[in-house]
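Visitor: Could you show me how to read the core and the sheet of a protein model?
Guide: Gladly; here it is.

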Amino acid sequence: MNTEPDKPTGHDEARRNFLKQSSLLTAFTFVPGPVVQAASGELDEKVAAAFEKVTLKLDVNGVKHKLSVEPRTTLLDLLREQLHLTGTKKGCDYGQCGACTVHVDGQRVNSCLSFAVMHEGKKITTIEGLADGDKLHPMQEAFVKHDGFQCGYCTPGQIMSAVACVREGHAGSEAEIREYMSGNICRCGAYSNIVAAIQEVKDGGQKV
Ligand code: FES
Ligand code: FES
């Protein structure tokens, strides 16, 4: 019986190279930025480019920022870790819970699913930018009045979505509100109170 291992073919070689490169990319995804930068000299040029910082201009809550970011940085991580705006929460980090909802040029987005560099020159509003100084936004007041939260972890995302829901004209009925707020999950189950808060703002005809 032939016990010699099969000679590697060109296909095997290519597969091994692919696996090596994928493992390298995966490994570096979980390595902190400074470590990656230190090691980038040893990386393939294409891999290094993924970690090379680029300049990004953003208006966040009315403040203009000129930032240096890695292309792989999500808008959520940029807000929380670079700008220290921790009101926007990280729940699932893959688009399932809505805790990270912010407004980009007035449209609601899941900031965990969006690379920061995609928003060059855009206007970002987070929960910190909703109030007018000491005066709460009408939606914030309504959430307080109707107990639209328990632990509060989902609340910033709920409020940002609720404002968008009213602005979009999708708060015409309880069923419509529930449908257009369905991307925002509340583990505490405060849904009825959240709907009541949104209905009050919508029925009050206040500018949101
Ligand atoms: S953290 Fe973004 S959707 Fe859950
Ligand atoms: S208030 Fe606790 S998750 Fe919504």
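**Core and sheet**

Guide: The largest nonpolar core has 23 residues, and those with the most contacts inside it are Met139, Phe143, Ile159, Met181 and Ile198. Such a core is a set of buried Ala, Val, Leu, Ile, Met, Phe, Trp, Tyr and Cys residues joined through side-chain atoms within 4.5 Å; buried means under 20% relative accessible area (1.4 Å probe, protein chains only). This is a predicted model, where local features need pLDDT of at least 70 and side-chain atom pairs count only at pLDDT 80 or more, while totals for chains, interfaces and linings use all residues. Residues are numbered from 1 along each chain as its sequence is written, and side-chain values use heavy atoms, without hydrogens and water.

Visitor: What is isoleucine 159 in contact with, leaving aside its neighbours within four places in sequence?
Guide: Ile127, Leu130, Met139, Gln140 and Phe143; contact means heavy atoms within 4.5 Å.

Visitor: And in what order do the strands of the sheet lie?
Guide: Strands of a sheet pair through backbone hydrogen bonds, either parallel or antiparallel. Here 5 strands form an open sheet, β2-β1-β5-β3-β4, with mixed pairing; two strands pair if DSSP finds at least two bridges between them. At the edges, β2 (63-69) and β4 (107-110) each pair on one side only. Strands β3 and β5 run antiparallel, joined by 2 bridges, and histidine 103 has threonine 125 in β5 as its bridge partner.

Conventions. Chains are lettered from A and ligands numbered from 1 in the order in which they are written. Buried means under 20% relative accessible area, exposed over 50%, partly exposed in between (1.4 Å probe, protein chains only). Helices (H or I, at least four residues) and strands (E, at least two) are DSSP runs, numbered from the N terminus.
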